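Biologist: Could we go through this structure together? I would like to begin with its overall division and then turn to the details.

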Amino acid sequence: MKGIITAIQRMSIHDGPGLRSTLFMKGCNLRCRWCHNPETWNPLKQLQHIPSRCMECHTCQSVCRYDVFSSGEGPLELDRKSCILCGDCVENCPGEALSIVGREITAGDAAAELLSDKVFFETAGGGVTISGGEPLLQAEFCREVLEICKNEDIHTAIESNLTGSWQVISGLSDYVDLWMCDLKIYDSAKHKEWTGAGNEIIKENIARLAMSGAVLTVRTPVIPGVNDDENEIGKMCEFLSSVHGNIVYELLPFHTLGFEKYGNLGMRNQVEGMKDLDTAVLERLKRIPEQYGF
Ligand code: SF4
Ligand code: SF4
């Protein structure tokens, strides 16, 4: 079975315990305004142009048969609607400023790439993580990858927004050692305003996973002016305490790394002026989960 991914990242230390290989799926059903991985939203391939690498030589304009690039000198402008992703401009760009984001891959090939660091997982601890985008949108592909990893006795984790149905989640649970998800904002209407969807199903799935005995890491990305207050974090801690699960709760500070990707992909960044979270705020807020025993 084939899936569409944005990347396979090896030697990651941020996507679960130990040293990990992470598979980033392409396609997400949420639109968190603060997202630093906007290249994972669209489930289709996309043309990326990185202006800082561009030599403004206009070779791309001369090789493209579909008039995607502006004519004349100076900075390029792209008419992305006309692009058929043939890749001719990418191959001929001397500055490596152009690329196609997204590649199709079979589950077997993805697993083989992920398992190429198996020896490190076994010696240093670690494993394979499937992240996104939203993995549950390509659940059957993910199941195949995870099953291959489990057959090799490798620790597996999945990072999901948990908006999928319980049927899809439970269909994967035999192959997942660690579920990682976000609880971004407690109030559902506010969650919808900032991410495009309410959070009832997310809370329900967290509770069901906890009750099923799954090992869970729940994270809250702390966003300035959105959820960076004691009341908000307190409500989330209250909820997570009430479901009595095997839960690790983490607060993640908002950062602007990756924001340039919006422009590179011709997308609009809705929170362009937002600044990195002040670490003093995180220090203050982390006392709340500690009071709840997280
Ligand atoms: S070919 Fe590459 S370096 Fe030259 S103008 Fe196009 S994007 Fe820029
Ligand atoms: S990928 Fe093909 S169609 Fe798209 S801009 Fe490049 S050359 Fe033109």
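**Domains, ligands and sheet**

Modeller: Four residues of domain 1 are in contact with seven residues of domain 2, where contact means that the C-beta atoms, placed from the backbone, lie within 7 Å. On the side of domain 1 that touches domain 2, one residue is nonpolar, three are polar and none is charged. Here Ala, Val, Leu, Ile, Met, Phe, Trp, Tyr, Cys and Pro count as nonpolar, Asp, Glu, Lys and Arg as charged, and the others, Gly among them, as polar.

Biologist: What are the bounds of domain 1 and domain 2?

Modeller: Domain 1 comprises 2-37 + 105-291, and domain 2 comprises 46-101; the bounds come from an automatic or database domain assignment. Their C-alpha centres lie 33 Å apart.

Biologist: Before we continue, what kind of model is it, and how is it numbered?

Modeller: This is a predicted model, in which local features need pLDDT of at least 70 and side-chain atom pairs count only at pLDDT 80 or more, while totals for chains, interfaces and linings use all residues. Residues are numbered from 1 along each chain as its sequence is written, and chains are lettered from A and ligands numbered from 1 in the order in which they are written.

Biologist: Now the ligands. Which residues are closest to ligand 1?

Modeller: The closest are Cys-54, Cys-57, Cys-60, Cys-93 and Gly-95, out of 14 residues that surround ligand 1; a residue is counted if its C-beta atom, placed from the backbone, lies within 6 Å of the molecule. This shell divides into nine nonpolar, four polar and one charged residue.

Biologist: And which residues are around ligand 2?

Modeller: Among them are Leu-47, Val-63, Tyr-66, Cys-83, Leu-85 and Cys-89. The shell around ligand 2 has 10 nonpolar residues, one polar and one charged.

Biologist: Then Glu-56: is it buried or exposed?

Modeller: Glu-56 is exposed, because 12 other C-beta atoms lie within 10 Å. Glu-56 also has a positive phi, of about 55 degrees, without being a glycine, and sits in the loop between β3 (46-49) and α1 (59-63).

Biologist: Where is the cis peptide bond?

Modeller: The cis peptide bond joins Gly-132 and Gly-133, with omega about 0 degrees. Gly-133 is in the loop between β6 (126-131) and α5 (139-151).

Biologist: Turning to the sheet, what is the strand order?

Modeller: The order is β5-β1-β2-β6-β7-β8-β9-β10, an open sheet of eight strands with mixed pairing. The edge strands, β5 (103-106) and β10 (246-253), each pair on one side only; pairing requires that DSSP finds at least two bridges between two strands.

Biologist: How many bridges does β6 form with β2 and with β7?

Modeller: Six bridges join β2 (residues 19-25) to β6 in parallel, and Phe-24 has Ser-131 of β6 as its bridge partner. β6 and β7 are also parallel, over four bridges, with Gly-127 partnered by His-155 in β7.

Biologist: Why is β7 described as largely enclosed?

Modeller: Five of the six residues of β7 (residues 155-160) are buried, so the strand is largely enclosed by the rest of the structure.

Key
Helix = DSSP H or I, 4+ residues; strand = E, 2+ residues; numbered from the N terminus. Buried ≥ 20, exposed ≤ 12 C-beta atoms within 10 Å, placed from the backbone. Contact = placed C-beta atoms within 7 Å.
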